[in-house]
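Please look over the sequence and the fold shown here before reading on. The briefing that follows is grouped by topic.

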Amino acid sequence: MVEAKASLPRVLVLATGGTISGKADTRSAIGYNAGAVTGEQLIAGVPGLEKLARLKVEQISNIPSQNMNSQVWFRLAERIRAAFEKNEADAVVITHGTDTMEETAFFLDTVIGNSKPIILTGAMRPSTAISADGPANMYEAVKVAATPQTRGRGVLVVMDDAIHAAHWVSKTHTTALETFRSRDAGPVGSVDPASVRFFAPARARIHVDLPQNHQLPRVEVIYAHADMDAAQIDEAVKTGARGIVVAGMGDGNVSEAALAGLDRAVKAGIVVVRSSRVGDGYVNRNVEVDDDRHGLVASLDLNPQKARILLQLLLATDTTTPADIQKAFGEGY
């Protein structure tokens, strides 16, 4: 029995808070406070984990994911890199709130090039709910992390029996259990208590070095809408943004007035990326907007929040020209 346990993979669990660590609050029938349970307590409430892996739990933060920030990202990245470089763990599971899970997953997928599995999981219902989904998600996340076929697939999100690649996954519903979807691609696999199945080989991924100073430049996301002017664009330039991502209409479009504001931003040295508020589909170059003439970058398959992170990382590591930034966006396309 001791030999069997010693042969199990070593999984480092990094807890950050979120609904999976939440407790109910009486303010409403579905009210709760995120980040009220520790990682150790969360693991203790999931039967059978000890049969999947040898677990070590560390608390990185204990916050609702709407408060997630780049400094927690850097702490996660450095801890994961150290754990793999020092051979402390064979895989990492991160417990995380769902609001910004896709952003943390994309950040880590971009800066960590190790082939060992990194899995994010969370819950849509707090740990005290009658039908809490956290324990099942936690069990399946550890199961995926412990599966040899998971190696080399980058950062994955495991929720509601599905396995998603960080590049594609998005939260698509405010409260439903099946909120996570990989738009335009579909999940890369599925998991249940008995098995892990991958549907396709590992895909090429974008890689950018982790900024050594642990700082990301300011990049604003500006939401496009009917009757849009350039006030928010001009204000972003005035207040020191180094980049702007437009959550544009349709194929990343903006009004004539807003486009004039983007021209002013580009002339001021600001990098502008056109993404879309639509949710599905791609933002292609030179369709209704002449990107070549205006000096703009098309986000291709990245939504505004992920486009912002990639632009921040590129600017922080001295990739600053629209041509080079467009090339980097295309690496994961």
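Helices (H or I, at least four residues) and strands (E, at least two) are DSSP runs, numbered from the N terminus. This is a predicted model, in which local features need pLDDT of at least 70 and side-chain atom pairs count only at pLDDT 80 or more, while totals for chains, interfaces and linings use all residues. Residues are numbered from 1 along each chain as its sequence is written, and side-chain values use heavy atoms, with hydrogens and water left out.

**Nonpolar cores**

- A nonpolar core is a set of buried Ala, Val, Leu, Ile, Met, Phe, Trp, Tyr and Cys residues joined through side-chain atoms within 4.5 Å, where buried means under 20% relative accessible area, exposed over 50%, and partly exposed in between (1.4 Å probe, protein chains only).
- The largest nonpolar core has 51 residues, and those with the most contacts inside it are I80, I94, F107, L108 and F329.
- Helix 3 (residues 70-85) supplies the largest share of this core, namely eight residues.
- A second, separate core of 28 residues includes A91, I119, A165 and W168.
- Contact means heavy atoms within 4.5 Å, and L108 touches W73, L76, A77, I80, I94, L120 and V155, not counting residues up to four places away in sequence.

**Helix pairs**

- Axes are lines fitted to C-alpha atoms, for helices over the stretch in contact, and angles run from 0 to 180 degrees between N-to-C directions.
- The axes of helix 9 (residues 304-316) and helix 10 (residues 322-330) come within 11 Å and cross at roughly 130°, which makes helix 9 oblique to helix 10; angles under 35 degrees count as roughly parallel, over 145 as roughly antiparallel, 65 to 115 as roughly perpendicular and the rest as oblique.
- On the helix 9 side this contact is made by A307, L310, L311, L314 and L315, and on the helix 10 side by I325, A328 and F329.
- The residues of the contact of helix 9 with helix 10 divide into eight nonpolar, no polar and no charged, where Ala, Val, Leu, Ile, Met, Phe, Trp, Tyr, Cys and Pro count as nonpolar, Asp, Glu, Lys and Arg as charged, and the others, Gly among them, as polar.
- For helix 6 (residues 231-238) and helix 7 (residues 256-267), the axes come within 8 Å and cross at roughly 15°, so helix 6 is roughly parallel to helix 7.
- Helix 6 contributes I233, D234 and V237 to the contact, and helix 7 contributes A258, G261, L262, R264 and A265, a set that divides into five nonpolar, one polar and two charged.

**Buried strand residues**

- I244 lies in strand 14 (residues 243-248) and counts as buried at 0% relative accessibility.
- The C-alpha atoms of I244 and I270, 26 residues apart along the chain, are separated by 7.1 Å.
- S275, placed in strand 15 (residues 271-276), is buried, with a relative accessible area of 1%.

**Positive phi in loops**

- Most residues other than glycine have a negative phi.
- D160, in the loop between strand 7 (155-159) and strand 8 (162-165), has a positive phi near 55° and counts as partly exposed at 35% relative accessibility.
- L300, in the loop between strand 16 (297-298) and helix 9, has a positive phi of about 60° and is buried, with a relative accessible area of 11%.
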